[in-house]
Amino acid sequence: MASASSTGCRAPGTEAAGNAANDRHALPPNGPAAAPGATRRPRLNPETFDFPEDLIRAGHYSDKYFVRTRDVLRQDGHSPRVLMQVFCKTAGWIGGVDEAIAILKRCSDDWPALTVHALYDGDPIAPHETVMTIEGPYDTFAHLETLYLGILARRSRILTNTRRVVEAARPKEVLFFPARHDHWSLQQGDGYAAHVAGATAVSTDAQAAWWGGSGLGTVPHAAIAAYGGDTVLAARKFADHIPDSVPLVVLVDFDNDSVGTAVDVARALGSRLYGVRLDTSGTLVDKSVVPRMGQFDPRGVNPQLVRNVREALDDAGFEDVRIVVSGGFGVAKIRAFESDGLPVAAYGVGSSLVANDGSFDFTADIVQNEGRPSAKVGRGYSPNPRLEVVE
């Protein structure tokens, strides 16, 4: 479990938790206050982003044909004023807008000569809807198309995947846990996309850097192993050395006895224990589930395991200890858990949030040249009144 924000705002829908049990087992309010598109948050400062500006201007990261087009235009003394139109072929929620704008502001050859209109990060988008327009001398920004399209594609995929999970889990919390499933250099932008989408927690400081948050986390398996496989001892050491302000959540599946370990940890830590996290491997059957096998898939983190742990904690007098679940969760599994009304406080979601289904294909087309139509067949100018001018 990790804090996504230092603002103290509650995640979308959390304020509408359905009953006292849900309220008792909810995580603390620490996510963004509004659903994507509901309010206009300020755009991120272009200096937020760490760009190798000289290499970008030189075309080092650009498809070569764009660099050569710029070179030909300049050598020919031809600098047409064009209107570039950007769209995505499928529906979702857009991410990376502020980052794409920053690329244009910092790496184009004449930002003051450009007029840009764009949606905001987190806005819903329809198939083929115009999400951004760039108007100005084409040779000043031709070399940037590869970069701003790639940014929009990546961040929109993360934002949309996360948003779909958030909607499935609402009013429960979603913890953004995919850092280990992708390249480290992507963490900052992906974490911000998840934050805009409504994830209430991230696991690394880098993922929270763009909005000034921080990453936290559970007592991991590695720490338990470092203390000889003793979950209670590892938990006590964390309680001794981690600030009291950090909610202490402990993984309890190390011995494949989540019920017994959860109760043991609760007894050892008392009120210092914030929650337990169930993360049983999909190839294992937890000890508490074995006697009830026969009518459901007993592997991994399943509804019966959650009920077993909740019942054991309640019977032992630890009703306030929350249950966080992780391991193989995506939209479908979360919906199933929520349909069953399971006493889960939060869902830790990892690899499914960075999965590439190939659907976020952004395209840019010149649709006007010196104010006259100049688009390829099927790609005419499609104005969008939702776009707002970029200052």
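**Exercise 1.** Why does Glu 311 count as partly exposed?

*Solution.* Start with the model: it is predicted, so local features need pLDDT of at least 70, side-chain atom pairs count only at pLDDT 80 or more, and totals for chains, interfaces and linings use all residues. Residues are numbered from 1 along each chain as its sequence is written, and side-chain values use heavy atoms, leaving out hydrogens and water.

Next, the cut-offs: buried means under 20% relative accessible area, exposed over 50%, and partly exposed in between (1.4 Å probe, protein chains only). Glu 311 has 44% relative accessibility, so partly exposed is the label.

Now place the residue: Glu 311 sits in helix H10, residues 303–315 (helices are DSSP runs of H or I, at least four residues; strands are E runs of at least two, and both are numbered from the N terminus).

**Exercise 2.** Work out how the rings of Phe 337 and Tyr 347 meet.

*Solution.* First, the rule: rings of Phe, Tyr and Trp (its six-membered ring) pair if their centres lie within 6.5 Å; planes under 30 degrees apart are stacked, over 60 edge-to-face, the rest tilted. The structure holds 9 such aromatic pairs.

Then Phe 337 and Tyr 347: with centres 6.4 Å apart and planes at 70 degrees, the pair is edge-to-face. It links distant parts of the chain, with Phe 337 in helix H11 (residues 331–339) and Tyr 347 in strand E11 (residues 346–349), 10 residues apart.

Last, check burial: Phe 337 is buried at 3% relative accessible area, and Tyr 347 is buried at 0%.
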